[in-house]
Amino acid sequence: MDSTSEHPVPVPNLRLDELLEELQARLDAARGTRDRVHSLLEAVLAVGRDLELTQALQHVVEAAVVLVDAEYGALGVIGEDQRLSQFIPVGVTDEQVKLIGALPSGHGILGELIRHPEPLRLSRLADHPASYGFPPNHPSMRSFLGVPIRIRDRVFGNLYLAEKRGGGDFDAEDESLLATLAVAAGVAIDNARLYARARRRQRWLEASAEVTSSLLSGSGEQEVQDLLLARATELVGADLAVVAVPRPETAELEVRIAVGLGEREHRGLVLPVEGSFMGAAFRTGGLVVSPDVRRDPRITAGPPRWQGLGPAVAVPVGTDERGIRGVLLLARAAGAPLFEEDQSGPLLGFAGQAAVAMELAERRRDSEQIALLRERDRIARDLHDLAIQRLFATGMTLQGATRLIDHPEATERVLRAIDDLDETVRTIRATIFGLRLRENGPAATGLRARIAEVIERAARSLGFAPALRTTGLLDIAVPPEVADAAVAVLEEALSNAARHARADAAEVTVAADDELTVTVTDNGIGLPENGRLGGLANLTDRATSLGGVFTARTLPEGGTELVWRVPLG
């Protein structure tokens, strides 16, 4: 008999069932790892599909929540001030978000990741030294996992995951998967930002082409400025746009245009260059940015006017070489994202086009003024050479004819007609003198031209051009002190209309005969219940000091009528 058959070799002391169970467990683990790798690949593909930045950020958070099996997730974008400028939550409803209130800005555990951009995994949030609890109505969260998202060498933001499903803790594998997803998310976000930047640059170019076309077509200054303002506001997503221009021979800026959130608080304001946000851009000649204009330390003067606003940017219109013609301010509502460099940077070039628009409009006005003066010269020559000579000859003829008239009543009528002709000649001569005024002569103080300038300035703060009617010899019959007072009165009246009337139409009438009358009417809301506005007392004082009167009333059909009247002579 063979010895091997008589003494069999002993087998290992393991049961077959145990070997099979261990093998099954390892297969399950491998299958689980394979599934998670597939999930990671699907998540990477999902976040890489979007080129719109907002959608890309949302999909990153959604993919992260699914990947590590979390109840809640969020992506926080870090702003220039090292606080969260955007916070995109997943797992909470819109109603819950409203009940919680303001979204996080970067305190507590969220701020810990900003200060130390390394993966952070916690079994209990409350045990970390940086934790200080949740606000009211915030869902309960125990376990936590956070990883930074980097774009090249810069931390763009952080992924926050909380409350592992099933009540367990996030493990090292979860951290590894989420860190891998964060790398892919950084690439996807960078691509989306580059795409958004290219789209924005294309829109700036299209807007510039539109403005250039408007300039070359001969559009008016106001029309071009309105177009510039509308395109700039649209392209940077601003909620308020303001344009201010420097006042001659003063260190002040006057707001000409204000459109958007809080526009009424800005219209017609006169602000110092020192102590104002737009003044900072005017002084430096460069772009000025504020993360929160309500608390900007550069604003130390002027009335409160920033309620509801947050990020702001101001840019000079023009250059130091050619002169800064104004300042453009754009602001967003409080809580909105900050102005990024690729958003605000093109404003400098765009504002340069506004300066070109102003300069072209100025040259056009000069050309029109020269043409007007030439036409005035022609009219004056025609009046002098034709009308006056014929009237004078007619008067001489009538005067010689009186010797041939025997009836006393007829003689008296002819003599009255001669006096009327003499008065007509004097009036025409005064008109000729007014037509021949030059800017280097008495026209510098001509009342009619000064009134037109006031109307032009007021149109920018009102948002429309008031109708103007003038009668009488304003440049001849009105003494200088009365003319100065009338200009000041008109400026005050139109400024009040811009600030308080809420009107979309106004009319100015200036008449000179035995007295000078300035009448301003609008179709706004009328006078307040107490019947007075802050500037009306000044108008009354100016009238009284010149022996005149001032009245203000609400019209029966709505609107306000202001009448300022002083005697002449």
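Two strands count as paired if DSSP finds at least two bridges between them. Helices (H or I, at least four residues) and strands (E, at least two) are DSSP runs, numbered from the N terminus.

This is a predicted model: local features need pLDDT of at least 70, side-chain atom pairs count only at pLDDT 80 or more, and totals for chains, interfaces and linings use all residues. Residues are numbered from 1 along each chain as its sequence is written, and side-chain values use heavy atoms, without hydrogens and water.

**View 1. Pairing of strands S1 and S5.** Strand S1 (residues 70-78) runs antiparallel to strand S5 (residues 154-164), with 7 bridges in the pairing. Valine 77 faces glycine 157 of S5.

**View 2. An open sheet of 5 strands.** The strand order is S2-S1-S5-S4-S3, and the pairing is antiparallel. Strand S2 (84-90) and strand S3 (120-122) form the edges; each pairs on one side only. Neighbouring strands are turned by 15° against each other on average, direction ignored. Axes are lines fitted to C-alpha atoms, for helices over the stretch in contact, and angles run from 0 to 180 degrees between N-to-C directions.

View 3. Contact means heavy atoms within 4.5 Å. Helix H3 (residues 53-68) packs on the sheet and touches S1, S2, strand S4 (144-151) and S5. The direction of H3 makes about 145° with that of S1. Helix H5 (residues 108-115) also packs on the sheet, touching S1, S2, S3, S4 and S5. The direction of H5 makes about 145° with that of S5.

View 4. Arginine 256 sits in strand S7 (residues 252-260). Beyond neighbours within four places in sequence, arginine 256 contacts Val243, Ala244, Val245, Arg457, Arg460 and Ser461.

**View 5. The largest nonpolar core.** A nonpolar core is a set of buried Ala, Val, Leu, Ile, Met, Phe, Trp, Tyr and Cys residues joined through side-chain atoms within 4.5 Å. The largest has 38 residues; Leu447, Val478, Leu490, Leu494, Leu516 and Trp564 have the most contacts inside it. Elements giving two or more residues include helix H13 (447-462), strand S14 (515-522) and strand S16 (560-567). Helix H15 gives the most, with 12 residues. Leaving aside neighbours within four places in sequence, leucine 447 contacts Leu474, Asp475, Val478, Ala483, Val487 and Leu516. Another core, of 27 residues, lies apart; Leu145, Ile149, Phe156 and Ala185 are among them.

How values were computed:
Buried means under 20% relative accessible area, exposed over 50%, partly exposed in between (1.4 Å probe, protein chains only).
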